[in-house]
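Please read it with the sequence and the coordinates open.

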There are 2 protein chains.
Amino acid sequence: MPTLSEVITLAESTRVEDKKLFQSLLSELLPFTGNSFRLGISGPPGVGKSTLIENFGPVILRHFQKLAILAIDPSSQKSKGSILGDKTRMEKLSQNPSVFIRPTAAGNTLGGVARATREAILICEATGFDFIIVESVGVGQSEAELHQMTDFFLLLQLPGSGDELQGIKRGIMELADGIAITKAEGNNKPLAKKIAKDLQFALHLLTPSTNGWIPKVILVSSFSQEGLEELMQMLLDYQNWAYTTHWFEKKRKQQQVDWFHRSIQSFLLDFFYHTPECKEKVKELENKVLQQQISPSLAADQVIQTFFEKIKTHY
Amino acid sequence: MPTLSEVITLAESTRVEDKKLFQSLLSELLPFTGNSFRLGISGPPGVGKSTLIENFGPVILRHFQKLAILAIDPSSQKSKGSILGDKTRMEKLSQNPSVFIRPTAAGNTLGGVARATREAILICEATGFDFIIVESVGVGQSEAELHQMTDFFLLLQLPGSGDELQGIKRGIMELADGIAITKAEGNNKPLAKKIAKDLQFALHLLTPSTNGWIPKVILVSSFSQEGLEELMQMLLDYQNWAYTTHWFEKKRKQQQVDWFHRSIQSFLLDFFYHTPECKEKVKELENKVLQQQISPSLAADQVIQTFFEKIKTHY
């Protein structure tokens, strides 16, 4: 019987045989997946993600049986480092037998990491984890992926001036189902309150209530433990609301279908961009496009022809 | 010698021979393109886009020689109707010999429309138009496309309460280089001023100054003509800023390269989804995915296999 970690390692593997073995295993497990609350957490570096999770974990475990913490990290180099890093930063949690902590780092494409993380979620669910935190390092497109694979997207934000808030990346705030201002303690508190008010106002202006849930902004402190109960209550309220309105079911189904179509898209594009003849041709035509020697559309037509020729003759 | 309209019709054609003819013509014209200010205008229905353009056109023509107005309309049915519609709604402008008005409606995919519009921009530039307005009907993903093909993205917004502002679609506001509150006249004025202030605040919170340009919110009225000079000044300030900081050059180059890669992506996906065998297989597997009988990744693998088989045997 392989361990949970071993199965996830199999999910991360890029070897063809491993993939086949893993997919047949996953097919067996699929009927046992889906029974968890999936929480996505993102925020800028230094916001205190790990410390919050370390302190919030015990609160979660008063309401749920088993907690899994997965980290999305598109930089493959960090893999070994992160495992140690996360476990060190979440020292108490990592010693709790009801908690499983694991960063996902597969390949060097975000698509690869996202796939491995989604599959790690399913494996954790099949092995009885009923609360899953997916933590993102908050670079590039990872927030959109995180939003797409979780039930609730929590954005962490430091207390700071309006100018500092400009650091919120385009389109991220609108993904949030809730925002927590971290380190809202001591001298930070007045500023944190002001920022919370501003963000609540901006959310009010921006977020169309497509589903009816109104995102809240709350203050939390890992140091004083304030706000952790309130954070839990927000998640439970959401869960309750999402079940009764059938939003949960609807969102999960949509996520499954989206994942299918995103996979098609990323497989096609990965395959295209990893074909040496295409790579070469893209580089050559990119230059011509920049020199205005060829229109981008015509250039695209030409490189697609190269791709089809390659498939015809080599596969 | 074909007329400008005839060349754009050729650009919109989906016939293979037309495409070839057009591409060879475009190749000849490419060295003469790029010398215009490209203004994207979007906003919800009823915001007064056409009326604003009708009134703003003469202001533009005090600073530029020739004005082209192109409309993105992904609903192919509207094509004939829009031509008449736009010309009627812009009665004075449509009679001005320095003005060219034309909706673009090619095929029924947004990719097709975007391609035709981008190419219409190039043709207009090659024929001496130095100010080009691209107007979007503001549905679906068209704003992102509009932002991607223009130098300045102007968002129009009606004066309304905070609740009404919730209608601003996710991620749209963050694309704006400027926002104009329309119909800011008479009784509307106090409300318009309040909204302008709120939006300026939200922009301040949200827009990371990746390029250094700070988006402005201004009030305009087609009825009283107020704010039109200010709008022009904002565009001229932007142009001046964008030239001196080399942002203009940088943005245009990036847009060209992005267009190339987007074209590759949309050609590949269009081809995939228009292959009958793939369509059928996608439908079948989508159901299995929803029933949790197969993982989305494995389903994607299978349908890609079908696609490659098809290319191998039929092309």
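## Terms and basis

On a 1 Å grid over the protein atoms alone, a cavity is a set of points where a 1.4 Å probe fits but cannot get out, and its lining residues have an atom within 4 Å of a point. Grid points are joined across faces, edges and corners, and a volume is the space filled by probe spheres set on the points.

The model is predicted, with local features needing pLDDT of at least 70 and side-chain atom pairs counting only at pLDDT 80 or more, while totals for chains, interfaces and linings use all residues. Residues are numbered from 1 along each chain as its sequence is written, chains are lettered from A and ligands numbered from 1 in the order in which they are written, and side-chain values use heavy atoms, leaving out hydrogens and water.

## The cavity

One cavity of 30 Å³ or more is counted, and the largest cavity has a volume of about 80 Å³. Its lining consists of B:Arg38, B:Arg118, B:Ile121, B:Leu122, B:Gln148, B:Met149, B:Gln255, B:Gln256 and B:Trp259. Two or more lining residues come from each of α6 (110-126), α7 and α11 (247-273) of chain B, where helices are DSSP runs of H or I with at least four residues, strands are runs of E with at least two, and both are numbered from the N terminus.

By class, the lining holds four nonpolar, three polar and two charged residues; Ala, Val, Leu, Ile, Met, Phe, Trp, Tyr, Cys and Pro count as nonpolar, Asp, Glu, Lys and Arg as charged, and the others, Gly among them, as polar.

## Burial and cysteines

In helix α7 (residues 142-149) of chain B, seven of the eight residues are buried, that is, under 20% relative accessible area with a 1.4 Å probe and protein chains only (exposed is over 50%, partly exposed in between). Among these buried residues are B:Gln148 and B:Met149, both of which also line the largest cavity.

Over all chains there are zero disulfides, a disulfide being a pair of cysteine sulfur atoms within 2.5 Å. B:Cys278 is in none, with the nearest cysteine sulfur, that of A:Cys278, 17 Å away; B:Cys278 is buried at a relative accessible area of 0%.

## Chains and symmetry

Chain A has 13 helices and seven strands, and 54% of its 315 residues are buried.

Chain B can be laid on chain A with an RMSD of 0.1 Å by a turn of 179° and a shift of 0.1 Å along the axis, which is the relation of a two-fold axis. The superposition is by least squares on the C-alpha atoms of residues with pLDDT of at least 70 in both copies.

Definitions and conventions. 1 Å grid on protein atoms, 1.4 Å probe; cavity = no way out; pocket = protein on both sides within 12 Å on 5 of 7 lines; lining within 4 Å.
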